[in-house]
Amino acid sequence: MRVVQAEEFGGPEVLTVRQVADPVAGPGEVVVRVAAADVMFLDTTLRSGWARNFFPVEPPFVPGGAVTGTVESVGPDVDPAWVGKRVATPTAASGIGGGLPVGGYAELALAKAGTLAVIPDELSFEQAAALVHDGRTVLAVADRAAIQPGQWVLITAAAGGLGTLLIQLARAAGAQVIAAARGEAKLALAQRLGAHEVVDYSKPGWAEQVRERTGGVQVVLDGAGGDIGRAALAATAPGGLLIAYGNSAGGFAAVDAESAAAQGITIVSLFEIATPETDWLTLHDRAQAEVAAGRLEVVIGQTFPLDQAAAAHTAIGSRAAVGRTILTV
């Protein structure tokens with residue numbers, strides 16, 4: 001079968017198509033004939049070597065922690081009724097709530113039977129791939145935020161996979177949404193999805209603009225992290241809530257905890273939401289059901305064939321990508 005391997009740490013050019021032996025399902029596993037694979041920002045940091053302190057992966061390795069497709073074969077202790085079913089799943093190495101997000105950029109991928117979710121007929125393989133990680137995470141974040149009607153909600157990295165879903169969920173909850181992103185195209189997308197206000201965080205003083213327009217937001221959903229996440233604290237009203245779930249701007253936001261506490265602002269990290277008790281499969285099924293019912297739109301900004309994985313990584317690294325990036329196999 002064909003796979004895309006990161007031959008060494010480096011830029012997108014280290015991603016190379018290779019022929020390797022087909023995988024064989026072991027106990028508790030299935031082999032999925034891949035139709036689509038999710039491409040995450042995390043994949044680019046693993047490829048570069050930046051994330052090796054958090055995820056101990058060494059080249060050569062096959063990136064990709066989530067796939068959709070059809071079950072090709074099952075392990076000796078797995079129900080053979082899975083064969084032929086359309087499924088969405090983390091890869092076997094990734095699993096739920098931990099592991100290495102690898103093995104997905106391939107024609108065949110191993111997955112654990114316990115992580116398989118049947119794809120509703122209303123969803124395409126590409127839509128389902130975009131939800132494997134984002135669907136469950138967005139609902140976990142939204143459930144923790146408990147957004148109330150009339151609240152001002154600031155969403156950073158608003159044109160990304162999670163951000164585009166959060167805009168819609170916040171609107172559905174009756175919130176007033178202010179979306180922060182970089183560039184006119186991303187801001188236009190946020191407005192199309194229902195944001196009441198938009199602000200470009202590549203420009204100086206953006207957090208002050210947020211405060212001027214809103215009087216201070218009650219909830220911040222921070223998918224950017226880094227300096228952007230720290231600046232978002234200045235736009236938060238006393239008694240507000242900041243959930244830091246992303247790090248696309250370079251690390252999770254290192255906010256001033258003392259300053260936040262003095263204002264009664266609650267800071268919640270993704271690691272406090274993603275606990276061993278989190279029912280990820282139920283969250284995943286809920287997300288798929290919302291999309292199948294037409295209540296949520298999955299924004300897939302760009303798709304690439306498997307052999308153009310390097311181009312997919314380049315699009316994400318250049319900040320040109322919007323919504324989710326998907327490889328098709």
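Among the contacts in the chain with a separation of 6 or more, 70% join residues 24 or more positions apart, a contact being heavy atoms within 4.5 Å. This is a predicted model, in which local features need pLDDT of at least 70 and side-chain atom pairs count only at pLDDT 80 or more, while totals for chains, interfaces and linings use all residues. Residues are numbered from 1 along each chain as its sequence is written, and side-chain values use heavy atoms, with hydrogens and water left out.

The chain holds ten helices and 15 strands, which are DSSP runs numbered from the N terminus (helices H or I, at least four residues; strands E, at least two). Its radius of gyration is 20 Å, close to the 20 Å that the globule rule gives for 329 residues, so the chain is as compact as a globular protein of that length; the radius is taken over C-alpha atoms, and the rule is 2.2 Å times the number of residues to the power 0.38. Of the 329 residues, 54% count as buried, meaning under 20% relative accessible area with a 1.4 Å probe, protein chains only.

Helix α6 (residues 226-234) shows how such burial is arranged locally, its buried residues being Gly226, Ile228, Gly229, Ala232 and Leu233. They cover an arc of only 155 degrees around the axis, which puts them on the same side of α6, the arc being that of the directions from the helix axis to the C-beta atoms. The buried residues of α6 pack against β8 (152-156), α5 (206-214), β11 (217-222), β12 (236-244), α7 (257-262) and β13 (266-269).

How values were computed
Buried < 20%, exposed > 50% of the residue type's maximum accessible area, 1.4 Å probe, protein only.
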